[in-house]
Amino acid sequence: MSTVPDDVIATLADWLGRAKCGVAFTGAGISTESGIPDFRSPGGVWSRYQPVMFQDFLADPDARRRYWQMRRQSVPEFLAAKPNAGHLALAKLEAAGHLCAVITQNIDELHQRAGSRRVLEVHGTAMKVHCLSCGKRWSCEEIQKRLEAGEDVPTCDACGGLLKSMTVSFGEDLPADVWQDALTLCRQCDLFLALGSSLVVYPAAELPERAKANGARLVIINRDATPLDATADMAVHAPIGETLERVMAVVEADRVGPSGPG
Ligand code: ZN
């Protein structure tokens, strides 16, 4: 990783300023800058625990116990995290009309907390829990209190059904309506920013490929190289928050430049 040269920042600001429908697609890398561990990385939850497959969760009480044990340990990390410069820049870009949506693989709701209005959560959210039978919902804080009070497998107080975090588990389908909206955005957008995603987890990683195939400019900002760097119009290996903050400053300066707003 290195500091991104000024001319690259200027080009990106120019592309964003011209975009009629920009879309940001975010992965774990934007949230690690808020202190949320990348669950797939060493030290992440999934290196300490085997992830619970959705079918096992449904069929096996022991799997459900493991699931809630793992969640009880990971939820405090989510609750303590705050949106960073990257999340805030994306919310500002949307408010200024340069982005029409954020599609995220993250489950931490940091985009919403930063002020982004249209957020498509392709892997769901860890910040809410629902009943798989009747659909009743709880905040993750409410269920965390029940876990800490000694419940090992919480059940629905309305119907007795199984509770589960509203994240998409391994072996579970992506939410169909959200996925369809994401595909539509990939057809509509003229600029696609892939931020902090290794672009290796399918099917989510096929979104930038589709956007590019449909004629959008593809920009990748990620700590490490990705399999799509070679096909992207721009690929930079740099911290997301710092980079977007610089881009945002140029976009804002252009809007109130010598010729005035407009
Ligand atoms: Zn229920």
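Tutor: The centres of domain 1 and domain 2, taken over C-alpha atoms, are separated by 30 Å. This is a predicted model, in which local features need pLDDT of at least 70 and side-chain atom pairs count only at pLDDT 80 or more, while totals for chains, interfaces and linings use all residues. Residues are numbered from 1 along each chain as its sequence is written, and side-chain values use heavy atoms, with hydrogens and water left out.

Student: What makes up domain 1 and domain 2?

Tutor: Domain 1 consists of 1-36 + 84-123 + 174-262, and domain 2 of 37-80 + 128-167; such bounds come from an automatic or database domain assignment.

Student: How many residues of domain 1 and of domain 2 are in contact?

Tutor: With contact meaning heavy atoms within 4.5 Å, ten residues of domain 1 are in contact with nine residues of domain 2. The two domains bury about 790 Å² between them, 62% of it on carbon and sulfur atoms, where buried area is the accessible area (1.4 Å probe) that two parts lose on being put together, summed over both.

Student: Why is the pair of R246 and D6 called a salt bridge?

Tutor: The term requires a side-chain nitrogen of Lys or Arg within 4 Å of a carboxyl oxygen of Asp or Glu. The N to O distance between the side chains of R246 and D6 is 2.8 Å, so the pair qualifies as a salt bridge. R246 lies in helix α11 (residues 240-255) and D6 in helix α1 (residues 6-18), so the pair ties together parts that are 240 residues apart in sequence; helices here are DSSP runs (H or I, at least four residues), as strands are (E, at least two), numbered from the N terminus.

Student: Why is D6 called exposed, and R246 partly exposed?

Tutor: Buried means under 20% relative accessible area, exposed over 50%, and partly exposed in between (1.4 Å probe, protein chains only). D6 has 60% relative accessibility and therefore counts as exposed, whereas R246, with a relative accessible area of 23%, is partly exposed.

Student: What makes D152 and R65 a salt bridge?

Tutor: Their closest N and O atoms are 3.0 Å apart, so the pair meets the criterion already given. D152 lies in the loop between α8 (140-148) and β6 (163-167) and R65 in helix α5 (residues 61-80), so parts that are 87 residues apart in sequence are tied together.
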